[in-house]
Amino acid sequence: MIRRAAFFRRLIDSASLPSKIGARYYTAQVATSLQSTGQSDEESIDIDWENLGFHLMPTDYMYLTKSNENGHFEQGQLNPYGNIHLSPSAAVLNYGQGLFEGTKAYRRDDGRLFLFRPHQNAIRMQIGAERMCMPCPSTNQFVDAVKQTALANKRFIPPPGKGSLYIRPLLIGSGPILGLAPAPDYTFLVYASPVGNYFKEGTAPLNLYVEEDLHRASRGGSGAVKSITNYAPVLRAIKSAKEKGFSDVLYLDSLNKRYIEEVSSCNIFLVKGKILSTPAASGTILEGVTRKSIMVIARDLGYQVEERLIDVDELTNADEVFCTGTAVGVASVGSITYKGKRIEYKERSEQTSKQLYSRVIEIQRGVIEDKRDWIVEIE
């Protein structure tokens, strides 16, 4: 599976435009688009940056391109943000043939704009597209599209430390199909919205509920890819948990109903001493970009990191639990309720999650050196 995915990535990347050509194109296109509307990319905007939350706020532009008859994606264009046209028989509407990603654009103190590891999102979409029988933009096309979208919506990127521009790439089977089969053609689009904290609690510790009856994914399914079909089925569990006062749901494996997997929208870590444990990526959890980054940083800081099966009973003895994700960042967990028993986690003076997230933020803001080329500047 890994070898096939790697071959697939190399194949589509071989057809991509050189990144420097793409960069020149998107810069020129954004400038032309802004001039045509008489709008400046620095035009002030009336937004309460202190109270953003995680809600959709339509921005100025979105990026859109379609696949041609050979399955390759043409050079896309920026369009005013708005509705798109779809056939009632589009594969995404009838059979859920679609993928999405999430990444963020940040503003530094000096005004420069940057992205955090967007190439990882591109690769994950390619792997997901192979699983869902879809063609996919190359890594360069994906990253250039994200850059174009961020630059065109530059005035919506919050001031440093006030939030970020959440960028949502979508790949959908837009072509009409009646019988169960892959769509005849596809649309790749990218839109954005300024956001603050994902959870209504803000930076307060989360209170999770362990769901025993409803499952997020099963072996052999699509739990390891960011398919749109993975998310609507968890809404019932989330709704029930929030009605009881919980922040979100922690799911167990569907086979044994014993091993923890992930929260509805993020990965999970347990801390015991200097050991970090997270569920193994064995086909039923999404390998988050933030998850990968935290694992690398933790090892740099002297932690032992384990990817393994984690019995739900281990929650009782953990020193600390936290969640990771592009939308949530790194969120500490204050309690987890399982079988009616509430497990409390006390805040410590040197919280591991805070230490790790501080290092991520320092890399993003340029406070410490980016030794792994995780930061991509939008020029």
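Start by selecting helix α4, residues 118-131, together with helix α5, residues 139-152, in this predicted model. The two helices pack at an angle of about 125°, and their axes are 9 Å apart. That angle makes α4 oblique to α5.

Now show the side chains where the pair touches. On the α4 side, pick P118, H119, N121, A122, I123, M125 and Q126. Their partners on α5 are T139, F142 and V143. Colour this contact by residue class: 6 are nonpolar and 4 polar, with no charged residue in the set.

Next stop: the largest pocket. Rolling a probe the size of a water molecule over the atoms shows where empty space is left. Here the largest pocket has a volume of about 1000 Å³. To find its centre, select N197, V328, G329, Y357 and I361, which lie nearest to that point among the 49 lining residues.

Then bring up the elements around the pocket. Strands β4 (103-107), β5 (113-116) and β15 (329-338) each give two or more residues to the lining, and so do helices α7 (289-300) and α8 (352-365). Which element gives the largest share of the lining? Highlight α8, from which 7 residues come.

Finish by colouring the whole lining by class. You'll get 21 nonpolar, 19 polar and 9 charged residues around the largest pocket.

Terms used
Residues are numbered from 1 along each chain as its sequence is written. This is a predicted model: local features need pLDDT of at least 70, side-chain atom pairs count only at pLDDT 80 or more; totals for chains, interfaces and linings use all residues. Side-chain values use heavy atoms; hydrogens and water are left out. Axes are lines fitted to C-alpha atoms, for helices over the stretch in contact, and angles run from 0 to 180 degrees between N-to-C directions. Helices (H or I, at least four residues) and strands (E, at least two) are DSSP runs, numbered from the N terminus. Angles under 35 degrees count as roughly parallel, over 145 as roughly antiparallel, 65 to 115 as roughly perpendicular and the rest as oblique. Contact means heavy atoms within 4.5 Å. Ala, Val, Leu, Ile, Met, Phe, Trp, Tyr, Cys and Pro count as nonpolar, Asp, Glu, Lys and Arg as charged, and the others, Gly among them, as polar. On a 1 Å grid over the protein atoms alone, a cavity is a set of points where a 1.4 Å probe fits but cannot get out, and a pocket is an open set with protein on both sides within 12 Å along at least five of seven lines; lining residues have an atom within 4 Å of a point. Grid points are joined across faces, edges and corners, and a volume is the space filled by probe spheres set on the points.
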